[in-house]
Amino acid sequence: MTTRWFGAPVQRVEDDRLLRGHGRYTDDIDEGALECCFVRSPYAHARITGIDVRAARQLAGVVAVYTAADLPFGGVDLPLLIPHPNLTHGRTQRCLASDVVRYAGEAVAFVIAESRYLAEDAAELVQVEYEPLPVVITPEAAARAEHLVHEDVPGNVAAEMLQEVGDVDSVLARSPHRKKLLFRYERGAASPMEGRAVWARWSDAERKLTVYDSTQSPTSIRGGLAVLFGLPESNVEVIAPDVGGGFGPKIMLFYPDELLVPYAAMQLGRPVKWTEDRQEHFTAVNQERGQVHEVEVGFDDEGRVLALSDDFIHDGGAYTPYGLILPIITAGQVPGPYRIANYRVRFRDVYTNATPTSPYRGAGRPHACFVMERTLDAIASEVGLDRIEVRRRNLIQPDQFPYEVGVAWQDGNTVVYDSGDYPELLDRALKMLGPKPPGDHVGMGLAIYVEGTGVGPYEGAHVQVLVSGKVVAATGIPSQGQAHATVWAQLVADQLGVDVKDVEVTSGDTRRFPWGVGTFASRGAVTAGNAMHLAARMVADKAKQIAADHLEADPADLELAGGSVRVKGSPDRGIPLAAVAVLSNPVRYAFGGGTEAATQFAAKARPGPPLRDGEQPGLEATGYYSPPGSTWASGCHAAYVRVDPKTFRLEILKYVVVHDCGRVINPLVLQGQIEGGVAQGIGGAFYERLAYDDDGQLRNASFMEFLIPYATEIPPIEIDHIETPSPLNPLGVKGAGEAGVIPVGAVIGSAIEDALGVPITEMPLSPLKLYELSKTQL
């Protein structure tokens, strides 16, 4: 069957509804819901010596005030999502703190009232007495361990992991050149347009809990709530409606509100709603990026890397709810697209009195790319070679795939690149970039990266042809702007030979599809996309089998095209897909003439029962896809920037991207993903930095102080693609959701160093930071 829709730039079907203001977000759901808010700790580290909620409970309009002592699970630690043998001192918080708070913003009490205004007023009446404790706020301070975040965690070290490929020490000792480098990445916040939100309703008559949650994993929320409240999973419905951006923090579960809001609804017999305000997003929603790397590299006179050692500390924040995924990703991606035969990486995941960390778009990869690319620039400077040539001499070649790096990956396997052509990425990017623009203080930066995508364990999908001929499809993973309703429709339409407009996709609703993992780690196209493809193919095979009985043809001689099942080469000899849907159900009823339309094809009844062994009624199927390993996307970004040496204002003159995510399903959607990622990367490179003081207070917890780039700061982004299909999945696709953001810090840092001659070893930068760095060079 010839592919019609795969690879086509189909316009996003979601956009018209969303742009007209017809989206439906969690906060839009009301039904007379009670509203609530949290009492949060103003201290980064303190012992709680008393909580008095009596005045709050007496305020008119207040329905309930909960502390940990009021909850049946108040003494239970929240789940550790991804345990690991090296995580010897993992710690998670509780819904409400009762003994010690370990970051400013940690929840202490939960207030439910008739309105959010009343809840906020009541929260101010809750009296909490604190005994301040010493604060550990930087990863370096955590490593010194002069004070402990958790009294029972020696040295503040949650985990330590050492991996080595080859013989690093002996090769370093023999290397013609050796260089030590120090790199630092500061924290950042995801800042989606929509904050987090939870709405819950309990039906006592049906024993059914319904939850709307602005989450990236409704299926996992459903499973956890069922266990916590002792309910069958079929009695828990979790829906992620329209989600106004996720970027990683919304994959984290469970946040306290995701348990407390449903619990309150069950206890109070009324719907309950909580919506995060922007300050809460800054202080109580997981952050990322904080790492410090000590690198030693050995190289020869030709700029070839002989050995690399990276010893880094990862700022885990006050708790480790997401396990070791972030530093494992960083450790696995430091070598990038380069041949590093001797590689050693050691990391320590340390506790600080800052908000906990979990993946934020890029998830450990921007740090790794920054370290490797800045190291190559340092090598080029040391041996007097062009930066581009040093990269060419170290790149993995196209005939070396699959290429095994030899260190652990987040899916439990080792890092093995499945396919790629890194030299071609570089060559195309340089051609697109062109000559340097004229003028002073203009610098060129470039970076090549890899991205492990499509992690398992699985996703599933359900596809059904209705008796109208329309198609409905569902999968468990939700969308936060990735155009799932468009892309999945393209995959289904190809298999069933229908117009993409005739396919309606639902995602992130456990009522429609109850099983799955979630939208994160650039995995949607690989996992759910292949599941949707497989389910649609199963429906197509079933349609051929049913039609074959009535067309007296071999199923192998049939094709699906134009909304019909027809004999290849004889388009007039066929049966409408709608009629096949009617025939698939032995009852065979339909309004609108469906039954009559199918009657002419049902004149010859086949022998045996209406449903043979193993058959099911309905023209529908459910398919699952479980990847054998991660697929590895890659790309090259390059840019010219101008820096004003007086004001240190940054102007990006040109920015180009060449990307490889295997076979491209929809180039228009892919373009949007990359453009958004680059914009977010520029923000993280030059604007967005969470500034904590020595007391663990976030000093810029608002958009007045935490800067996000305007559209005027984002240049036009020129994009090109190459396609090296992945051999690991039927569609040959790789993920693309985080590709845009990964190398931007490295590109900007390289370009600024080239423009000013000031060494750039940290991210993010700012005009003030550049001024300070320039003064150190005088």
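**Questions on a predicted protein model**

Trainee: What percentage of the contacts with a separation of 6 or more in the protein comes from residues 24 or more positions apart?

Mentor: This is a predicted model, in which local features need pLDDT of at least 70 and side-chain atom pairs count only at pLDDT 80 or more, while totals for chains, interfaces and linings use all residues. Residues are numbered from 1 along each chain as its sequence is written, and side-chain values use heavy atoms, with hydrogens and water left out. A contact means heavy atoms within 4.5 Å. Among the contacts with a separation of 6 or more, the share from residues 24 or more positions apart is 80%.

Trainee: What is the radius of gyration of the protein?

Mentor: The C-alpha trace spans about 90 × 75 × 45 Å along its principal axes. The radius of gyration is taken over C-alpha atoms, and the globule rule is 2.2 Å times the number of residues to the power 0.38. For 778 residues, a compact globule would have a value near 28 Å, which agrees with that of the protein, 28 Å.

Trainee: What percentage of the residues counts as buried?

Mentor: A residue is buried under 20% relative accessible area, exposed over 50% and partly exposed in between, with a 1.4 Å probe and protein chains only. The accessible surface (Shrake-Rupley method, 1.4 Å probe, only the protein chains shown counting as cover for residues) comes to about 29,700 Å², of which 50% belongs to carbon and sulfur atoms. Of the 778 residues, the buried part is 60%.

Trainee: How far apart do the centres of the positive and negative side chains lie?

Mentor: Lys and Arg count as positive and Asp and Glu as negative, without His and the chain ends. Each charge is placed at NZ of Lys, CZ of Arg, CG of Asp or CD of Glu. With 70 positive and 99 negative side chains, the centres of the two sets are separated by 3 Å.

Trainee: Which residue in the turn between S22 and S23 has a positive phi?

Mentor: S22 (residues 558-561) and S23 (residues 564-567) pair in the antiparallel sense over four bridges, and glutamate 559 stands opposite arginine 566. The two strands form a hairpin with two residues between them, and the turn residue with a positive phi, about 60°, is glycine 562.

Trainee: Which elements do the buried residues of H11 pack against?

Mentor: Helix H11 (residues 387-394) is largely enclosed by the rest of the structure, because six of its eight residues are buried. These are Arg387, Ile388, Val390, Arg391, Arg393 and Asn394. They pack against S14 (305-317), H10 (365-383), H12 (422-433), S18 (442-453) and H18 (744-756).

Trainee: What separates the C-alpha atoms of proline 262 and alanine 200?

Mentor: Proline 262 lies in helix H7 (residues 257-268) and is buried, with a relative accessible area of 0%. Beyond four places in sequence, proline 262 is in contact with residues including Ala200, Leu209 and Phe229. Proline 262 and alanine 200 are 62 residues apart along the chain, and their C-alpha separation is 5.2 Å.

Trainee: How far apart in space are methionine 432 and leucine 577?

Mentor: Methionine 432 lies in H12 and is buried, with a relative accessible area of 19%. Leaving aside neighbours within four places in sequence, its contacts include Lys654, Val657 and Ile719. Methionine 432 and leucine 577 are 145 residues apart in sequence, and their C-alpha distance is 47 Å.

How values were computed
Pairing = 2+ DSSP bridges.
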